[in-house]
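Colleague: I am new to this structure and would like to learn how to read its features. Could you take me through them in turn?

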Amino acid sequence: MNRLVVVESPTKARTISKFLPRGYRVEASMGHIRDLPASASQIPAKLKGEKWARLGINVEDGFEPLYVVPADKKKVVKKLKDALKDADELYVATDEDREGESIGWHLINVLNTKVPIKRMVFHEITEDAILQALENTRDIDHNLVDAQETRRILDRLVGYSISPLLWKKIAPKLSAGRVQSVAVRLTVMREKERLAFVPAGYFGIAAELEKANIPFPATMTHLDGVRIAVGRDFDDDTGKLKQTLENGKDVLILEGKEAERLAGKIKSAAWNVTGVERRTQKRSAFPPFITSTLQQEGSRKLGLSARQTMQNAQRLYEQGFITYMRTDSTHLSDEAIQSSRKAVEQRYGKKFLSSKARQFANKVRNAQEAHEAIRPAGTHMKTKDELGLTGSEGALYDLIWKRTVASQMADAQLEFTTITIETTENGNTLQFRSSGKKILFPGFFRAYVEGSDDPDVALEDQEITIPELAEGDSPACNSTEATGHETKPPARFTEASLIKMLESEGIGRPSTYATIMDTVVKRGYVRKKGSQLIPTFTAFATNNLLEEQFDKLVDLGFTADMESVLDEIAAGSVKAKPYLKDFYSGDTGLLQKVEGGLDSIDAREISELKFSKWGPFVVRVGRYGPYVEILRDGEPIRASLPDDIAPADVTEEYLADLIEGASKGDEVLGIHPDHDMPVLLKKGPYGYYVQLGEDTEGTKPKRMSVPRGTDPSTVELPLALDLLSLPREIGSHPDSGKPILANIGRFGPYVQHQRTFASLKEPENVLTVELDRALELILQKERKNMPVRELGVHPESGEPIGIYNGRYGPYVKHIKTNASLPKGKEVDEVSLEEALELIAAKEKAGPKKKKTTAKKKTAAKKKTAAKKKTAAKKKTTARKKTAAKKKASEKKS
């Protein structure tokens, strides 16, 4: 008997095929084989006239989705149908979550076969798991399919209904999303907190004391029994003490001069230990990873984005190294627990084992079906080195291995010591505190310390050593110092902290977080600076509109409740269609809100941003970006805001400088000594630049950007001349002998060697960077630009062909031709012959596009010429008529 097994990817297909008996053939569907229409071109001709066709959902008849097979999936469908001709049974082996169930349901509907169909599920790709899945097949779970379909419909209704409103009222190319918009709102709310924040300054006194030749730090906590104010005592919005505290009674704000005076006096005073408190504490191991915690630790420990973490995890799963990576369950199977405990005993010793096997309760709100946690697959618990894993895949596997093993390890035991020390100055008693921490037993720390790559180093870092002290001891004072402090605004979200917030609020699903993080950046709502997620002014304007017109959709509680409804649909306790009807067509439904917004929302007003920190200035978001505006003598004066400025970093002074720059016009810095032409400082939409000579028609004067971070008021003729002299030759490359250049381009300053460009970041200076540093930066860039896999050389050119990682996925490259890999094609599956075909197809397609463009340009020119010719004819005809009339009139006279 022949059996066809269908999975999502070729890698998964190859791994599974190793474990299947004879007679089984495995093919890949390359993900979903059909979906809602992605564009108008995919809508069938007979339905294009329907009002609902744009949505891809028949909102007039039971919210029936319109599913289409995209052009790039038709070959896949044909291949699967051909494979089915020789099959006696069809096994649907897609992933075990709702999306996997939905993919399987679509497969069955499109293939429309009469052979028996079996659904097989597994959470790891090992021989035991696959053979067990073959023996325990089931039918498609239609409740899971309904839940996933409802999610897809809700997301489409929200996105396709609200996005056009954003285009009309704010700016083109914006988008709204059921979870995406809540994520944007959270970043905006945090930025508003930072805008409202008023810093508070306060002082303290730090001392270095010593006992038995062991120095230790101490910090002043009280003066005459009154606690010294610290950061938590100040109100973020006022910069003053919180109303519950009264200065001088509950807490005391220590002023700078008084702190310096006291610090100077007490250095030579006697110090006495007045209290010693010791307490022990146990720390229990963390639960094994779920999707969101894996993404968070991948970010913190490995510096990976949520998408990179999931891409690596997907590859590890499909190769059979870890269990399924989309899960919100912390449960471990009995086999996994026993394997983990065996690994602990073998590698660390019996004393590091927990007294009994540990299971962890789910703390995730609205947790989905009972999957297992993410762990190493199988029962052998092999390390990354034993599996031969390297790079980011190896690092992520190591993280998963350590977290799983640590979950079955003994508690860590810590001892905390708090020492109270007093000294006096002119009758005043100053109280200091010193704290120590000792690890009595490392327990699970030996394998895993959250936020650290090296547990052994982390253990040393965690200990704070202080000498053995007892009441009555008199430590020596080595030094004292008045220390100034300032309260800090709330920290901006990182990918890790935003995912943690979404998860804790029950918003979205683990499988969606990576896509959400990508989308908010690509749509211009959030800008990444290091690990920080900084909302843009566009995000502020969009959030204004959504809060005003669609308050429920961006409400955290409402969005979490929607997830609960989807869970109830998955459980079969709620029907999808009535819920969708109420959500979209109800009295306060989405349709009513969108139609009402078209009439009621004032585009100018909704895009206006005002904050007390900005004084009289108003920031608006226009179709071409944000700008500042102020009225002077009844006339508006405007200046563009740079794209990379964070809203909370904008001050009244900064906006005033922008307006002043816009009002001032060009500044003549002097005359160029070689060209006898004026050198001008000018301001453009992207910042200040210097220019040689005036703007004249038909010429393009030399220009060079003023480096970012340079105060334009400090730009004088010598600096301008240096900038205009760029590019600067720094020296020669030691290998090629070719020049190394420093210059400023569209994206800022850089150094260059032939076709390699490496950006210069602050504090590097394009005018002073030296050869050694330039070579170092170029070498780093060249290594980064190296192919992830070399395939060989082109038979005609002799130039190398390689596979590279690009912004939109892997691609093959030959000289200047880049060709993306087909969807679902893995890097290690591509042969040189396939790469040559891709490159040839791309090179063949390239000129055609150019010809098409040239044809369009030619047609446009001909059309313009024809219009001019027609207009000229009309003028000539009109002149002739006028002349004829004049002549006739003269004859009559």
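Colleague: Is Q180 buried or exposed?

Modeller: A residue is called buried under 20% relative accessible area, exposed over 50%, and partly exposed in between, using a 1.4 Å probe and protein chains only. Q180 has a relative accessible area of 10%, so Q180 is buried. This is a predicted model, in which local features need pLDDT of at least 70, side-chain atom pairs count only at pLDDT 80 or more, and totals for chains, interfaces and linings use all residues. Residues are numbered from 1 along each chain as its sequence is written, and side-chain values use heavy atoms, with hydrogens and water left out.

Colleague: Where does Q180 lie, and which residues does Q180 touch?

Modeller: Helices (H or I, at least four residues) and strands (E, at least two) are DSSP runs, numbered from the N terminus. Q180 lies in helix 6. Contact means heavy atoms within 4.5 Å. Leaving aside residues up to four places away in sequence, Q180 touches S175, I516, T519, V520 and Y525.

Colleague: How do I read a loop residue such as D233?

Modeller: Look at its place, its accessibility and its contacts. D233 is in the loop between strand 9 (226–228) and strand 10 (251–252). Its relative accessibility is 4%, so D233 counts as buried. Beyond residues up to four places away in sequence, D233 touches R227, I228, K240, L241, K242, L245 and V251.

Colleague: Is G391 buried or exposed?

Modeller: G391 is found in helix 12 (residues 391–406). With 56% relative accessibility, G391 counts as exposed. G391 and N312 are 79 residues apart in sequence, and their C-alpha atoms are 10.0 Å apart in space.

Colleague: What is a salt bridge, and how many does the count come to?

Modeller: A salt bridge is a side-chain nitrogen of Lys or Arg within 4 Å of a carboxyl oxygen of Asp or Glu. By this rule the count comes to 45. One of them joins the side chains of E193 and R190, at 3.8 Å from N to O. These two are three residues apart in helix 6 (residues 180–196), so about one helical turn separates them. E193 is partly exposed, at 38% relative accessible area.

Colleague: Which partner does E258 have?

Modeller: E258 forms a salt bridge with R261, at 3.0 Å from N to O. Both sit in helix 7 (residues 256–266), three residues and about one helical turn apart. E258 is partly exposed, with a relative accessible area of 29%, and R261 is also partly exposed, at 35%.

Colleague: Are R375 and E372 buried or exposed?

Modeller: Their side chains meet in a salt bridge of 2.6 Å, N to O. R375 is buried, at 2% relative accessible area, and E372 is buried, at 7%. Elsewhere, salt bridges that share partners join R604, E608, K610, R620, E629 and R638 into one network.

Colleague: How do I read a nonpolar core?

Modeller: In soluble globular proteins, nonpolar side chains tend to be buried together. A nonpolar core is a set of buried Ala, Val, Leu, Ile, Met, Phe, Trp, Tyr and Cys residues joined through side-chain atoms within 4.5 Å. The largest core has 141 residues, and I162 and L590 have the most contacts inside it. Helix 5 (residues 142–169) gives the largest share of this core, ten residues. Leaving out residues up to four places away in sequence, L590 touches L157, V158, S161, I162, F550, L553, F583 and Y584. A second, separate core has 25 residues, including L692, V715, I730 and L760.

Colleague: What about empty space?

Modeller: Rolling a probe the size of a water molecule over the atoms shows where empty space is left. On a 1 Å grid over the protein atoms alone, a cavity is a set of points where a 1.4 Å probe fits but cannot get out; a pocket is an open set with protein on both sides within 12 Å along at least five of seven lines; lining residues have an atom within 4 Å of a point. Grid points are joined across faces, edges and corners, and a volume is the space filled by probe spheres set on the points. The count comes to two cavities of 30 Å³ or more. The second largest cavity holds about 40 Å³, and its lining includes I162, F550 and R178.

Colleague: Which residues lie nearest the centre of the second largest pocket?

Modeller: They are H123, E124, T126, A129 and R375, out of 38 lining residues. The space in this pocket is about 950 Å³. Helix 4 gives the most to the lining, with five residues.
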